[in-house]
Amino acid sequence: NGNLYVSERLDREELCGESVSCSVSFEAMVHNPLNVFHVDVSIEDVNDNSPTFSKAALVLEIGELIPPGTRFPLEMARDADVGSNSQLTYQLTSNPSFSLTLKENPDGSQQPELVLEKALDREKQSSFELVLTAIDGGDLVRSGTVQVLVNVTDANDNPPVFSKRVYEARVAENLPTGSLVLQVRASDADAGSNGRVSYSFSNVPDEIREFFSVDSESGEVRTANSLDFEERSKYSFGLEARDGGGLVSHCKVQVDVTDDNDNAPEITILSLSSPVPEDAPVGTVVALLKVRDKDSGENGQVTCELSGEAPLSIVASSGGSYKVVTASALDREQAAEHRVTVVARDRGSPALWSRAELVLEVSDVNDNAPVFEEAAYSAYVRENNAAGALVVRVSARDADAGANGLVTYWVAGGSAGAAGAAPLVSVEARSGAVYAQRSFDYEQCREFALTLRAQDGGAPARSSTATLRVFVLDENDNAPRVLWPAPAAGAGPAAAAEPPAFEVVPRSAEAGYLVAKVVAVDADAGRNAWLSYELVQASEPALFRVGLHSGEVRTARAVSDRDAAKQRLVALVKDHGQPALSATATLHVVLAESLQEALPELSERPPGADAAAELHFYLVLALALLSALLVLSVALAVLARLRRA
């Protein structure tokens with residue numbers, strides 16, 4: 001709720017000593033948005049300390065010849081409170097020989113003085129016991145007492161007298177122990193032991209005795225310990241001079257401590273927002289710092305700067321606070337961590353400085369889409385491959401981290417599969433491996449293209465695409481097909497009844513005469529479709545030859561009368577695949593000068609032709625009878641209807 005509570009008992013005297021004002025300073029940090037506020041808590045004094053005297057008893061030596069009206073300064077009480085709570089008044093127990101008067105000091109305090117009201121007679125009364133009471137000015141009055149013992153002695157009628165009521169000195173901090181601060185002097189008009197003066201502290205706190213010492217004979221005040229301006233810059237205490245007869249006088253000593261540049265700036269990291277998202281806007285507060293220099297003046301004036309290459313800057317705030325903000329856009333992919341050094345330097349001479357390192361981690365946001373290693377992939381697969389065979393492996397990189405950089409793949413579109421048909425390939429979502437879904441056939445599909453998409457796991461997700469073109473490589477899985485001479489359409493008596501194709505070659509043909517050309521094709525491609533021809537069977541092997549690549553059948557020599565009139569040739573058509581596939585073509589050749597001359601040869605039916613003709617006759621006869629019966633039935637039906645009509 002932002003309320004400020006006291007977590008332990010506050011003691012103003014412990015925190016601030018005799019300082020009139022007392023406050024505690026600290027920083028309060030607020031989140032969302034990140035900010036820091038300087039808080040000063042002023043601690044007000046309550047009257048919780050009673051006046052105290054440094055001695056249990058004050059002993060005065062007063063000569064019997066001292067005239068009435070003589071004043072004897074008494075030790076002042078000390079109250080640790082401040083303000084009205086430390087303003088003291090004094091009371092003395094009633095006694096006809098003495099009274100109490102108060103003398104105001106330059107600092108406003110009251111000095112109690114014992115006033116001799118009537119002459120003393122040592123022979124009648126050699127000592128007096130009095131009680132001095134110190135009362136403070138608090139609402140709830142507190143008091144302290146000390147016993148005053150007055151011994152009546154022979155004549156010592158001159159108390160010591162200081163040359164000044166207030167001694168002032170300015171010393172630098174860090175003086176060596178034993179350094180001279182100042183020297184006080186007091187004179188006594190008496191002679192002998194009554195005029196011998198010794199110096200000592202009056203009622204002072206132990207802290208004064210810790211840092212200063214006074215020489216009882218010379219009155220030199222020296223440092224007893226190293227002074228620190230940052231702990232205390234001013235000391236005020238009382239000294240007393242006492243002669244041999246017991247007379248005392250007091251003076252005030254004020255020591256001002258000047259500052260040396262002996263403290264380097266202190267850097268405190270109040271808050272560090274690490275990691276910070278890389279999409280944080282420019283000016284985002286990433287760290288709050290508190291820089292403090294205990295010195296004062298220029299020695300305590302501090303400037304801060306950042307050292308190191310980082311998109312950060314430092315901005316001064318109130319109360320010695322600084323904000324480290326982003327100076328430009330962050331990019332985790334370029335730098336996932338930024339290390340900078342905060343350098344704080346004061347303006348002293350020589351200047352002191354300190355440094356603190358800041359390590360700022362940059363967290364990832366999904367600001368990068370996956371990028372394929374190649375914009376277009378090409379893959380080559382032989383036909384008749386096994387289903388599930390690896391086609392290619394694609395890869396996409398995402399510069400982001402964690403889930404933002406986790407890439408998955410799928411087929412986004414293309415000619416890899418038609419609607420309603422099984423796709424040709426599939427891609428494994430995690431690895432990017434592309435597998436064939438079925439066996440490819442070069443003769444049906446020689447190439448196809450598809451679009452692959454890579455998507456990261458960010459929210460929202462980012463994606464990119466790449467093109468994959470798959471080329472199917474041919475294998476020799478198709479034998480040559482003979483187009484001419486046409487092979488028999490089927491088997492059985494009907495096919496046997498068809499006369500074979502024939503070529504007529506005149507008997508006057510010379511060598512090289514073109515008889516016919518074997519025409520064949522191969523559905524494969526490349527070498528698998530390169531065809532060669534050779535003659536594997538002939539009635540007269542020496543009479544014909546076939547072109548190796550053309551398939552042309554020519555006479556190898558001139559035709560003679562001795563050659564048979566009917567020739568049968570078998571040509572082998574073979575491709576160049578591995579292994580090679582082949583087919584055969586049968587060609588019938590008749591040696592005759594004209595077609596009329598060749599007809600007798602063609603009329604010779606092959607064995608079984610008569611049976612086939614007879615079967616053919618009966619089939620035709622049966623068909624004719626059935627047709628006649630059908631016509632007769634129709635005619636009779638028509639006549640019957642006409643007769644009824």
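Guide: A cavity here is a set of points on a 1 Å grid over the protein atoms alone where a 1.4 Å probe fits but cannot get out; lining residues have an atom within 4 Å of a point. The model is predicted: local features need pLDDT of at least 70, side-chain atom pairs pLDDT 80 or more, while totals for chains, interfaces and linings use all residues. Residues are numbered from 1 along each chain as its sequence is written, and side-chain values use heavy atoms, without hydrogens and water.

Visitor: How much space lies in the largest cavity?
Guide: The count comes to 1 cavity of 30 Å³ or more. A volume is the space filled by probe spheres set on the points, joined across faces, edges and corners. For the largest cavity this gives about 40 Å³.

Visitor: Which strands each supply at least two residues of the lining of the largest cavity?
Guide: The lining consists of P485, V518, L535, V553, L569, A571, A585 and L587. Strands are DSSP runs of E, at least two residues; helices are runs of H or I, at least four; both are numbered from the N terminus. At least two lining residues each come from β43 (566–575) and β44 (582–591).

Visitor: How many salt bridges does the structure hold?
Guide: Side chains of opposite charge can pair when their charged atoms come close. A salt bridge needs a side-chain nitrogen of Lys or Arg within 4 Å of a carboxyl oxygen of Asp or Glu. One such network links R12, E13 and D45. The structure's total is 19.

Visitor: How many residues apart in sequence are the parts that E113 and R71 tie together?
Guide: E113 and R71 form a salt bridge, with the closest N and O atoms 3.4 Å apart. E113 sits in strand β7 (residues 110–116) and R71 in strand β4 (residues 71–73), so the pair ties together parts whose separation in sequence is 42 residues.

Visitor: Is E113 buried or exposed?
Guide: Buried means under 20% relative accessible area, exposed over 50%, partly exposed in between (1.4 Å probe, protein chains only). E113 has 7% relative accessibility, so E113 counts as buried.

Visitor: What is the relative accessible area of D563?
Guide: D563 pairs with R557 in a salt bridge, the closest N and O atoms being 3.1 Å apart. R557 is partly exposed because its relative accessible area is 28%. D563 is buried, because its value is 6%.

Visitor: What is the N to O distance between E220 and R222?
Guide: R222 is partly exposed, with a relative accessible area of 30%. The side chains of R222 and E220 meet in a salt bridge at 2.9 Å.

Visitor: How far apart in space are F440 and A386, C-alpha to C-alpha?
Guide: F440 lies in the loop between β33 (433–436) and β34 (447–455). At 4% relative accessibility, F440 counts as buried. F440 and A386 are 54 residues apart in sequence, and their C-alpha distance is 8.6 Å.

Visitor: How far apart are the end C-alpha atoms of residues 268–372?
Guide: An unreviewed UniProt entry carries the annotation "domain: Cadherin" for several spans, including 163–267 and 268–372. UniProt positions follow the numbering used here, feature names are shortened, and annotations may be inferred rather than shown by experiment. Residues 163–267 are 6% helix and 46% strand, with ends 49 Å apart. Residues 268–372 are 0% helix and 52% strand, with an end-to-end C-alpha distance of 47 Å.

Visitor: Which helix holds L639?
Guide: The unreviewed UniProt entry lists residues 615–640 as "transmembrane region". That span is 100% helix, and its end C-alpha atoms lie 38 Å apart. L639 counts as exposed at 54% relative accessibility. L639 is found in helix α5.

Conventions: 1 Å grid on protein atoms, 1.4 Å probe; cavity = no way out; pocket = protein on both sides within 12 Å on 5 of 7 lines; lining within 4 Å.
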